[in-house]
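Good morning, and thank you for coming.

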Amino acid sequence: MREHLGYKDIYKFFFAGSEAMFADLCYFSVRSVQLTFVCLVLPCLLLGYLGQAAFLMENLTQNEQVFFLSIPSQVFWPVVFIATLAALIASRTMTTAIFSIIKQATALGCFPRLKIIHTSRKFMGQIYIPVMNWFLLVSCLAFVTTFGSINEIGNAYGIAELGVMMMTTILVTIIMLLIWQVNIIVVLCFLTLFLGLELFFFSSVLGSVADGSWVLLVFAAVLYLVMYIWNYGTKLKYETEVKQKLSMDLMMDLGCNLGTVRAPGIGLLYNELVRGVPAIFGHFLTTMPAIHSMIIFVCIKWVPVPVVPQNERFLFRRVCPKNYHMFRCIARYGYKDVRKENPQTFEQLLIESLEKFIRREAQERSLESDENGNTDSEEEVASSSSRVLVGPNGSIYSLGVPLLAECGGVSNPNFGSSTSFDGSLDGTMDGRRSLDNELSFIHMAKECGVVYLLGHGDIRARKESFFVKKLVINYFYAFLRKNCRRGIATLSIPHTRLMQVAMQYMV
């Protein structure tokens, strides 16, 4: 059994390999794959294994390389040629499956981010991962040079094959229970029959662990540890960011205690949170004497479509009341979108989308006002005075805008280079005047410049944590995070307008 599992069967790899490859790449439907397996793959496998069994019954002493010994001498070389093609198809199948598994594991947060290249606009499954491709090349060469004979390779292959079979049985059992909701008795019978048979076969190959299979088991253990450490660290980091995000009450009281200056311009703060204000923004406020007159929290998301139309690229919503000029933006990219956009093009598209959002919001509020006879003027806060600060270059900065003013009131911001402009929304103005003022505020803020604010959050284990947790978080996870691909690595951000702030979370 051990030696039989060690050799690649030509029918299995030529037909089953082709079927698996096309299934992974989404070329065919589920029904076509099922018909191919039942009508073509299964008969070929049965004929191949029955033929080898018949040969062994007649030649009990010739039990090595049964497949090639059972081939008639007249067709030996044609079969070798076909077997070589089958091996090529099998290697392509394995490579494609690994690319697909790594991509799905990355999407689930179970594997470090890698560069993924989509080679087709039509089929999402056609991907290429350069790092994994080179890793497979080095691993295959290392395995071939490490193993002393083909028997050791066969032993390792036997454990891998049976491991896949057992895992497939377990996953099918879970699907039967949770999705198909099959009767528990039927599920137990299925699990006992198939898993019991596979465990019986698996016990027969465990004796070959010292003869080469240990390499595969060590490799699997290292891969499992990498995935577990990455998932554990990523989960802790996200949960900590969610717990420590700033509340709206704290946002409205921060400026009262800090005296921060609102400088002209737009600040794009990149973060991974879809909701709420990230704690890194509070770190910005406490470390810098000024923030921009308009803040947009940008969150990059990749969607499973080839291209996202530009008019659907950005989704906006307000984070605070109008006079705070803070927005949440979700930027959506497809897997074939050009992510290294020209900064001017990106900024122009972002501002246009923001203007559309503000106009649509004004229309909705106007309709609600007409229906209910109410206005939203009570949401806007007016003030009686405004304090200004003249900068070294002659620019006028306001000290009387939200996040900056005294706790008792909020005043209107006046920004400008040599002249000031009114960016507040007076509650007594009509809807049209209010809309025009806000659009004018956006245009003048853009003319003052756009700055990209990148907040890098990191996690460290607390001093009172266990040694194992410190080792995993402070060293292993930190190493993976430092060497993996960052979420904003594909963005083209000019360095002259880039500001980065790091923040550590104690977990």
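H325 is buried, with a relative accessible area of 2%; buried here means under 20% relative accessible area, exposed over 50%, and partly exposed in between, with a 1.4 Å probe and protein chains only. Its phi is positive, about 55°, although H325 is not a glycine. H325 lies in the loop between β5 (314–318) and β6 (326–333); helices (H or I, at least four residues) and strands (E, at least two) are DSSP runs, numbered from the N terminus. Most residues other than glycine have a negative phi.

Two remarks on the source. This is a predicted model, in which local features need pLDDT of at least 70 and side-chain atom pairs count only at pLDDT 80 or more, while totals for chains, interfaces and linings use all residues. Residues are numbered from 1 along each chain as its sequence is written, and side-chain values use heavy atoms, with hydrogens and water left out.

Is the other such residue that I wish to show, Q181, buried or exposed? Q181 is exposed, with a relative accessible area of 63%. Q181 also has a positive phi of about 55° without being a glycine, and its place is the loop between α7 and α8 (184–205).

Helix α7 (residues 150–178) has 29 residues and reaches 42 Å from its first C-alpha to its last, close to the expected 42 Å; the expected span is 1.5 Å times one less than the number of residues. Among the buried residues of α7 are G154, Y157, E161, M166 and M176. Just after α5, G109 takes a positive phi of about 75°.

The UniProt record, an unreviewed entry, places the feature "transmembrane region" at several spans, including 75–102 and 123–144; its positions are given in the numbering used here, feature names are shortened, and annotations may be inferred rather than shown by experiment. Residues 75–102 are 96% helix and 0% strand, with end C-alpha atoms 40 Å apart. Residues 123–144 are 68% helix and 9% strand, and there the end C-alpha atoms are 34 Å apart.

Now to helix α14 (residues 467–483): its 17 residues reach 23 Å, close to the 24 Å expected. Where is the kink in α14 centred? The kink, of about 30°, is centred on Y477; the bend at a residue is the angle between axes fitted to the seven residues ending there and the seven starting there. Y477 is also one of the buried residues of α14, as are I473 and L480. What covers these buried residues includes α9 (213–243) and β11 (450–460).

Of the 507 residues of the chain, 39% count as buried.

Definitions and conventions. Contact means heavy atoms within 4.5 Å.
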